[in-house]
There are 2 protein chains.
Amino acid sequence: MSHPNRERADRILDAAGELLLRMGYRKVAVDDIARAVGIGKGTVYLHWRNKELLFQALMMRESADLTDEVLRAIKADPAMILPHRMIPGSFLITHRRPLVMAMLRGNAEMFGSLGDLALHKQQDVLRAQFEETMLRHGLIRADVPNLSYALSASTLGFYLGDTLSHEFEDVPLEEKAAVLAHLIRTAFEPPGEPDPGVVAEVSAVLSSALEELVSSYRNGIYAHDPTRAPG
Amino acid sequence: MSHPNRERADRILDAAGELLLRMGYRKVAVDDIARAVGIGKGTVYLHWRNKELLFQALMMRESADLTDEVLRAIKADPAMILPHRMIPGSFLITHRRPLVMAMLRGNAEMFGSLGDLALHKQQDVLRAQFEETMLRHGLIRADVPNLSYALSASTLGFYLGDTLSHEFEDVPLEEKAAVLAHLIRTAFEPPGEPDPGVVAEVSAVLSSALEELVSSYRNGIYAHDPTRAPG
DNA sequence: GGTTGACCGAAAGTGCGAATCCGGTCAATA
DNA sequence: TATTGACCGGATTCGCACTTTCGGTCAACC
């Protein structure tokens with residue numbers, strides 16, 4: 001094997017993440033990252049063609065890890081796929097990842113020109129599939145108008161909550177998640193208990209979709225390794 | 001009467017609002033406003049001690065007009081006080097006022113240092129009163145956790161919706177309002193039809209609260225007129 | 001006495017050459 | 001042959017003098 005070793009790539013991404021949080025995209029020099037890892041700057045370029053791809057890889061890894069965490073929660077308890085558990089659960093998991101939070105908030109000065117990373121496309125596909133599956137199995141009510149927008153708009157405020165207004169920044173995260181759970185359950189789920197068989201089935205479908213997403217993210221991390229010939 | 005006439009003050013505020021929308025707070029010179037109205041710069045200072053107070057008055061007037069519009073809607077149909085009508089209704093009314101929208105979005109470059117204007121205090125009082133009244137009369141369910149936060153967070157996303165993400169900017173405003181109505185009704189209101197007597201009573205209470213708020217705003221507009229001695 | 005616009009000073013903007021930074025490369029190195 | 005860091009050049013920042021803008025005042029005017 002002639003291509004740069006993966007463990008080193010991870011150490012580079014670790015350093016990049018730490019520096020990104022501390023100083024923001026523009027003020028982090030590739031040289032800083034290399035020095036933090038104890039390698040030469042040139043070596044970094046053996047892993048990614050340029051700075052932007054390096055940080056894209058970082059965010060890919062972050063997304064993969066986050067998705068994996070959600071996936072494990074579902075494996076541990078299939079009922080986690082119910083919207084009123086899935087959505088607040090993801091909310092909590094996401095909030096433990098400062099890089100993802102910064103990206104969601106479009107933190108302009110942390111991520112300079114570093115675009116939307118095209119992560120959204122895959123996420124959008126998954127979200128559409130989530131909604132469709134839930135609807136088909138009766139786990140989301142059929143009478144919600146414009147479901148996609150409804151879910152986005154009603155969830156967005158929870159994520160951006162204390163970015164503006166600071167009014168509720170003292171409310172503990174778990175309490176916010178509980179509010180979100182109430183909102184989702186009452187506004188989007190049908191009354192009554194869900195059928196356990198349906199839950200198991202949907203859980204399986206969703207797990208494999210998430211697994212696919214995780215590995216698609218993971219592939220992306222090294223997709224730009226210059227020593228690998230393109231497919 | 002020796003103090004500057006009110007009709008002229010309104011013309012000044014009209015011009016200020018127009019220029020504010022077109023060029024933003026910093027690029028609007030007091031002289032521009034005066035010239036647009038056809039008066040001298042000094043005359044503007046007969047109405048407000050400085051530029052900031054002028055624009056605060058502008059936003060006061062804007063808030064008063066908006067609140068008044070909501071009030072008239074309630075007078076026309078008392079059932080408008082029901083959360084699932086009041087909140088989407090205010091949403092629509094607010095969206096027709098570009099200045100208020102810009103302020104809500106904290107449009108930093110439109111309102112330079114122009115702070116939060118202390119409008120929030122009065123609004124917060126009203127909101128608290130709204131929630132308390134609704135709860136007391138059973139028009140909002142008692143089992144919603146952290147009601148204040150729940151309402152804020154679930155509503156916020158609708159207001160900020162296409163500021164970020166642009167994903168749903170093609171969805172017509174009326175459809176967004178309909179989604180919001182569904183959300184509020186299912187998540188915050190009890191099932192079944194409300195008692196018409198209760199609606200009438202709450203409508204009266206709320207109307208007078210709104211009237212008070214409107215006149216408090218209106219008083220604020222000229223509160224800084226230097227030719228008027230402070231109370 | 002209501003109104004004005006010339007006037008003031010602080011602050012923001014402009015122009016520009018010098019100095020610095022930093023992404024990306026590649027010949028030298030181990 | 002994997003790794004490196006000196007090196008290149010484009011872009012950004014800095015320093016600084018100069019100009020312009022503009023909020024706020026007030027003597028003069030109607």
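This is a predicted model: local features need pLDDT of at least 70, side-chain atom pairs count only at pLDDT 80 or more; totals for chains, interfaces and linings use all residues.
## Helix α1 of chain A

Helix α1 of chain A runs over residues 6-23, and its 18 residues reach 25 Å from the first C-alpha to the last, which is close to the 26 Å expected at 1.5 Å a residue. Just after this helix, A:Gly24 takes a positive phi of about 85 degrees.

The buried residues of α1(A) are A:Ala9, A:Ile12, A:Leu13, A:Ala15, A:Ala16 and A:Leu20. Because they cover an arc of only 165 degrees around the axis, they lie on the same side of α1(A). On the other side of the helix, A:Glu7, A:Asp10 and A:Arg22 are exposed.

## Packing and the nonpolar core

Which helices do the buried residues of α1(A) pack against? Their partners in chain A are α2 (30-37), α3 (41-47), α4 (51-76) and α6 (98-104).

One of the buried residues of α1(A) is A:Ala16, and this residue, together with B:Ala16, has the most contacts inside the largest nonpolar core, a set of 94 residues. When residues up to four places away in sequence are not counted, A:Ala16 touches A:Ile33, A:Leu54, A:Phe55 and A:Leu58.

## Contact between chains A and B

Between the two chains, 26 residues of chain A are in contact with 26 residues of chain B. On the side of chain A that touches chain B, the elements that give two or more residues are α8 (147-160) and α9 (173-188) of chain A, and α8(A) gives the most, with 10 residues. By class, this side of chain A has 15 nonpolar, 9 polar and 2 charged residues.

## The surface near DNA strand D

There are 17 residues around DNA strand D, and those that come nearest are A:Gly40, A:Gly42, A:Thr43, B:Gly42 and B:Asn50. The elements that give two or more residues to this surface are α3 of chain A together with α2 (30-37) and α3 (41-47) of chain B.

Among the contributing elements, α3(A) gives the most to the surface near DNA strand D, with 4 residues; α3 of chain A is also one of the helices against which the buried residues of α1(A) pack. Sorted by class, the surface near DNA strand D has 6 nonpolar, 6 polar and 5 charged residues.

Note on methods. Residues are numbered from 1 along each chain as its sequence is written. Chains are lettered from A and ligands numbered from 1 in the order in which they are written. The expected span of a helix is 1.5 Å times one less than its number of residues. A residue is buried if 20 or more other C-beta atoms lie within 10 Å of its own, exposed if 12 or fewer, and partly exposed in between; C-beta atoms are placed from the backbone. The arc is that of the directions from the helix axis to the C-beta atoms. Two residues are in contact if their C-beta atoms, placed from the backbone, lie within 7 Å. Ala, Val, Leu, Ile, Met, Phe, Trp, Tyr, Cys and Pro count as nonpolar, Asp, Glu, Lys and Arg as charged, and the others, Gly among them, as polar. A nonpolar core is a set of buried Ala, Val, Leu, Ile, Met, Phe, Trp, Tyr and Cys residues joined through C-beta atoms within 7 Å. A residue is near a molecule or strand if its C-beta atom, placed from the backbone, lies within 6 Å of it.
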